[in-house]
Amino acid sequence: MRSPDFRLLALSNGLSSLGDELALIALTIKVFELSNGSGIAVAAVLFAGVVPLVVFAPFAGLIVDRTETTGTLALASVAQALIAVGLAFAEPVWLVVALSFLLGSAASIASPAVFAIVPSAVEEEDLTEANANMETVRYIGMVAGPLIAGGLAGGLGADRGTRAALLLDAVTFLVITIAAASLKVRRLPEDAPEGGRAKGEARRGFAFIRRDRVLLIGVAAVAATVLFATMDNVAEVFFANDPSLLNAGNWGYGALAAMWLLGMVVGAAVIARRLHEERLAPAVLLSSITGGAAVAIAALFPNIVLALAMFAIGGVANGVASVSMRSLIHHRVPDQLRGRVFAAYFGVAFAGQLAATALGGVLISLLPSSRDVLLVGGVGGAAVGLIGLAWFAALPSDARAPKVVHLPDTSTVPRGMVVVRDITPPDDTAVQPQEVVPSAKPTA
């Protein structure tokens with residue numbers, strides 16, 4: 001947080017999270033009112049905002065890597081501000097769905113852009129702590145957004161309140177635009193390869209993840225864990241309200257969500273920031289085991305006090321996993337590929353979220369109790385972590401070793417400027433071993 005540029009990035013990340021939650025709550029209420037309570041319409045607008053993050057991931061990452069990233073972030077934020085204003089005044093449901101899709105499309109570029117810039121604003125040894133701070137402010141935004149949106153809708157009425165929330169969302173994007181334009185660091189674009197080598201460039205983020213087995217294990221574990229955890233999200237409201245289970249009503253549902261969020265803050269701000277590079281991948285996998293086990297225990301022994309404690313533990317694991325995975329990408333991926341790798345990572349994670357939202361609803365209707373859905377999610381998440389840990393332990397020691405990307409000499413480059421080296425391999429997917437080498441830093 002000593003770096004002015006990093007403080008601006010952290011502010012942008014927190015405001016982006018706050019704006020996302022503002023829009024999520026406001027649009028849900030708005031569409032519910034416009035459609036006279038149609039569940040299909042509400043689901044359509046929620047899916048419309050997430051689908052672009054999956055579908056456009058390769059191209060969004062390529063845009064981030066092929067353009068000056070701070071300028072790209074500023075332009076994406078301006079686009080989001082304009083779309084949010086349009087959403088504030090949109091009336092037909094189909095128009096709200098269409099604009100939500102456009103908002104998600106701009107977010108598919110802005111999200112990887114923010115995290116691709118982070119290594120330019122801090123020293124390498126501070127990356128994990130920087131990611132912990134980024135996650136902490138993101139969680140603060142996640143908590144504040146629903147409270148503000150709900151308060152506006154309740155105080156001003158559904159129509160005026162949701163319009164005010166969406167206009168406030170637009171203001172957050174304008175502030176992010178100003179913050180991005182104020183950054184002194186610059187992440188220069190990679191030169192586009194010529195001729196046939198351009199083939200597959202948009203997919204190089206996915207290709208890099210496939211070839212780095214540590215990243216492959218981490219991303220696969222996160223995607224599978226998101227799948228099971230989102231199934232839990234669908235079941236939680238039923239679990240809290242069921243008289244034969246928690247019997248805690250809506251206040252209990254809100255308390256469970258609040259304890260999970262509080263745990264995420266503790267996990268990111270207190271635990272994850274202290275992890276050394278060699279512990280990042282195991283931390284992702286152990287977090288899946290811990291979080292899944294906590295949810296399973298809460299389901300097996302339905303008691304509101306125990307459930308709150310277990311959800312807090314699950315949140316801690318969630319926070320540790322998020323920081324660890326982002327830091328792992330920063331440490332193992334060359335700068336000029338980080339936009340594509342982050343976009344690929346976000347795309348895979350959101351694909352798991354979309355699948356789980358649909359699957360969770362099906363399981364709620366098929367299984368005898370919401371408790372059974374929570375058990376499936378908890379046991380599944382723990383199993384993912386155990387399988388991933390066994391896979392990671394089976395890797396050769398050189399594959400598991402911490403790695404550092406060597407960048408060219410920057411002594412002739414103005415301070416704050418990052419030089420990007422073209423590492424396009426001879427074929428269009430392989431990444432040569434010399435691009436990353438085992439770190440000479442001590443592992444203790």
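A contact, as the word is used here, means heavy atoms within 4.5 Å. In the protein chain of this predicted model, residues 24 or more positions apart account for 84% of the contacts with a separation of 6 or more. Residues are numbered from 1 along each chain as its sequence is written, and side-chain values use heavy atoms, with hydrogens and water left out. Because the model is predicted, local features need pLDDT of at least 70 and side-chain atom pairs count only at pLDDT 80 or more, while totals for chains, interfaces and linings use all residues.

The chain contains 15 helices and four strands, which are DSSP runs numbered from the N terminus (helices H or I, at least four residues; strands E, at least two). Its average pLDDT, the predictor's confidence in each residue from 0 to 100, is 79, and 84% of the residues score at least 70. Confidence is highest in helix α11 (residues 280–300), at a mean of 93, and lowest in strand β4 (residues 436–438), at 35. Over residues 406–444 the pLDDT is below 50, although this stretch has 67 contacts in the model beyond near neighbours in sequence. Where pLDDT is low, the predicted coordinates should not be read in detail.

Of the 444 residues, 52% are buried, that is, under 20% relative accessible area with a 1.4 Å probe, protein chains only.

Definitions and conventions:
Buried means under 20% relative accessible area, exposed over 50%, partly exposed in between (1.4 Å probe, protein chains only).
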